[in-house]
Amino acid sequence: MAAPLTEASSDPGVTVTDPGAGQTISTTGHGRVNAFRACEKAKYHWSRSAETVSTHQTWTDVRRYTGDITVRDGATLTLKGTVFMPAKGRIRVERGSRLIVDGGKLTCTCPGESWQGIQVHGDANAIQAPGFQGELALRNGAVIENATVGVSTGAQYAEGTAFSA
């Protein structure tokens, strides 16, 4: 059940309903709704922390994260929906894994800030073939926006600290 509303209209014709459960939360009350507080609460109410993908998955919904996303060796993550990343957050595509952004959108949760982008890991001394390198595919109008560095494949990411291959 959604978190209860703390403020509601005193208008006798107003009913606030929890859309997930179809239950009436409040039919009475008074005061004003603080839209900023309501949006902030909603933004984090449906947020997920860091996520590790270790199987083949397809995401078609809207997801908001407060931590990094890691695609593990052998896994494929296909994004068809919108993923909101936190400021300073990143998506790590490990050696031997695949990230496919198929018409999806990757952006930052916080307006005016940027996330770190996608880091594709690999082995510079190995052959450039699946299993030896991480893979990224952008298809059907995929969007990566509001990132410090959209995609990095080198030995460093935007803040200048090294990451292991």
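**Salt bridges in the predicted model**

At 32% relative accessibility, lysine 105 counts as partly exposed. In this predicted model, the side chain of lysine 105 joins that of glutamate 145 in a salt bridge, with 3.3 Å from N to O. The two partners come from distant parts of the chain, 40 residues apart. Lysine 105 belongs to strand β12 (residues 105-108), whereas glutamate 145 sits in the loop between β15 (143-144) and β16 (151-152). Glutamate 145 is likewise partly exposed, its relative accessibility being 27%.

A further salt bridge pairs glutamate 135 with arginine 98, and here the closest N and O atoms are 3.5 Å apart. Glutamate 135 is part of strand β14 (residues 135-139) and arginine 98 is part of strand β11 (residues 98-102), so this contact ties together parts of the chain that are 37 residues apart in sequence. Glutamate 135 has a relative accessible area of 25% and is partly exposed; arginine 98, at 28%, is partly exposed too.

Turning to aspartate 61 and arginine 63, their side chains also meet in a salt bridge, at 2.9 Å from N to O. Aspartate 61 is partly exposed, with 31% relative accessibility. Arginine 63, by contrast, has a relative accessible area of 11% and counts as buried because this value falls under the 20% cut-off.

As a general point, side chains of opposite charge can pair when their charged atoms come close.

Technical notes:
Residues numbered from 1 in each chain as written. Predicted model: local features only at pLDDT ≥ 70, side-chain atom pairs only at ≥ 80, totals over all residues. Heavy atoms only, no water. Salt bridge = Lys/Arg side-chain N within 4 Å of Asp/Glu carboxyl O. Buried < 20%, exposed > 50% of the residue type's maximum accessible area, 1.4 Å probe, protein only. Helix = DSSP H or I, 4+ residues; strand = E, 2+ residues; numbered from the N terminus.
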